[in-house]
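Please look over the sequence and the structure before reading on.

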Amino acid sequence: MSARDYKAAYGQRDWSSHPGYIDEGYKSTRLRGVDQALVEVSTTLAEDTGPVFGAEHVGPLDSDLTRNGQVNGEPLGERIIVTGRVLDEHGNPVPHTLIEVWQANAAGRYVHKRDQHDAPLDPNFQGSGRCVTDSEGRYKFYTIKPGAYPWGNHPNAWRPNHIHFSLFGPTIRTRLVTQMYFPGDPLLDLDPIYKGIPEAARSRLVSTFSIDVTEENFALGYIFDIVLRGPNATPLEG
């Protein structure tokens, strides 16, 4: 496929689905957000067809966050399953694409030196994983439901329970970094990052509970489909 064909296939990103670069409620965007119009840069076939990352980077336990960080026991917290499909802007499945996730533990703390939240670390939970979608664009993670945590954006500010997702898609032009939230979380309506997303697109970041995905006596199941581009695109992380 030529560079022209790739550009026609992926088109322009629909920015009405995504948060602005600067949002008054999300304080740090005032310092790092872009305040001038973007400049379009022409791409070559190299950018339109790669780079590609796939199964050679994934280990047997990478998609099971309940096991890949174990040292001397099970991680603490509510076990969950997160699964769904990765789709392109035309609704077609995107197979063999690398998904990476990272999250806080059940107490709301990340395994990162900059996280100084006064909550315990879990020695058996590293909070990150990855997998590759199958031939139908499906993925599946086992993990622990992340806790809420304070983040200092405004008085008594708490982030809702969420999981970060990074998807490379079939080319660098379809790269997506986003967050998945949980249904019924009362913190969503108080969170400037979530509310910075255009209202019509916010629900695309909220997973759906599924008793069919739930595994009896083990873990609750959630479905989170991800659309890489187009008018139904999953919003970018703010």
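Which residues make a nonpolar surface patch of about 280 Å²? In this predicted model, the patch is made by Phe209, Ile211 and Leu220. Leucine 220 belongs to strand β10, which covers residues 219–223. Because its relative accessibility is 32%, leucine 220 counts as partly exposed.

Charged side chains come next. Searching the whole structure gives 5 salt bridges. One of them joins arginine 130 and aspartate 62, with an N to O distance of 2.9 Å. This pair links distant parts of the chain, 68 residues apart: arginine 130 is in strand β3 (residues 128–132), while aspartate 62 is in the loop between α3 (45–49) and β1 (79–87). Arginine 130 counts as partly exposed because its relative accessibility is 30%. Aspartate 62, with a relative accessible area of 18%, is buried, since buried means under 20%.

Another salt bridge is formed by aspartate 191 and arginine 159, whose side chains meet at 3.0 Å, N to O.

Arginine 67 counts as partly exposed, at 47% relative accessibility, whereas aspartate 64 is buried, with a relative accessible area of 11%.

Key:
Residues are numbered from 1 along each chain as its sequence is written. This is a predicted model: local features need pLDDT of at least 70, side-chain atom pairs count only at pLDDT 80 or more; totals for chains, interfaces and linings use all residues. Side-chain values use heavy atoms; hydrogens and water are left out. Patches are made of residues with over 30% relative accessible area and no salt bridge: like charges are joined within 9 Å, nonpolar side chains (Val, Leu, Ile, Met, Phe, Trp, Tyr) within 5 Å. Accessible areas come from the Shrake-Rupley method with a 1.4 Å probe; for residues, only the protein chains shown count as cover. A salt bridge is a side-chain nitrogen of Lys or Arg within 4 Å of a carboxyl oxygen of Asp or Glu. Helices (H or I, at least four residues) and strands (E, at least two) are DSSP runs, numbered from the N terminus. Buried means under 20% relative accessible area, exposed over 50%, partly exposed in between (1.4 Å probe, protein chains only).
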